[in-house]
Amino acid sequence: MTMPDTATLLEDAADRIADISRADLQIMLRRAALRLRNAGAVSMEDDVEDALRDLAGELGMTRNDTIRHIVREWMEKNTYLPVHELDEDGDVDGTA
């Protein structure tokens, strides 16, 4: 089970604003403010931005998620991160 991201928590809080406690809302807003403060925009050349926008559209992802995906794949392929491979004889519970 994964922890929902900050944006999801904020959207959920907005949907049920009358039910959320003031303390929980303060925590979420402070967390969001820290993320915004620490977020650094990655700027690219125009041709790269165009290709990135097209790829993000094809993948159905945001620009930032697409950049994260590309960097992760590159790091896995160049052995900077471990690759999680399925064993050919392993049990996949009907999924692959």
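Let me begin with conventions. The model is predicted, so local features need pLDDT of at least 70 and side-chain atom pairs count only at pLDDT 80 or more, while totals for chains, interfaces and linings use all residues. Residues are numbered from 1 along each chain as its sequence is written, and side-chain values use heavy atoms, with hydrogens and water left out.

I turn to the overall fold. The protein chain has four helices and zero strands, in the order α-α-α-α along the sequence. Helices (H or I, at least four residues) and strands (E, at least two) are DSSP runs, numbered from the N terminus. Of the 96 residues in the protein chain, 10% are buried; buried means under 20% relative accessible area, exposed over 50%, and partly exposed in between, with a 1.4 Å probe and protein chains only. Among contacts (heavy atoms within 4.5 Å) between residues at least 6 apart in sequence, 8% join residues at least 24 apart.

Next, the packing of two helices. Helix H1, residues 6-15, packs against helix H2, residues 22-38, at an angle of about 140°, and their axes are 10 Å apart. Axes are lines fitted to C-alpha atoms, for helices over the stretch in contact, and angles run from 0 to 180 degrees between N-to-C directions. H1 and H2 are therefore oblique to each other, a class left over once angles under 35 degrees count as roughly parallel, over 145 as roughly antiparallel and 65 to 115 as roughly perpendicular. H1 contributes Thr6, Leu9, Leu10 and Ala13 to the contact, and H2 contributes Met28, Leu29, Arg31, Ala32 and Arg35.

Not counting residues up to four places away in sequence, Leu10 touches Met28, Leu29 and Ala32.

Thr66, in helix H4 (residues 63-77), counts as buried, at 0% relative accessibility. Leaving aside neighbours within four places in sequence, Thr66 is in contact with Leu52, Leu55, Ala56, Leu59 and Met61.

Finally, the aromatic rings. The whole structure holds one aromatic pair. The ring centres of Trp74 and Tyr80 are 5.4 Å apart and the planes lie at 20°, so the pair is stacked. Rings of Phe, Tyr and Trp (its six-membered ring) pair if their centres lie within 6.5 Å; planes under 30 degrees apart count as stacked, over 60 as edge-to-face and the rest as tilted. Tyr80 is exposed, with a relative accessible area of 56%.
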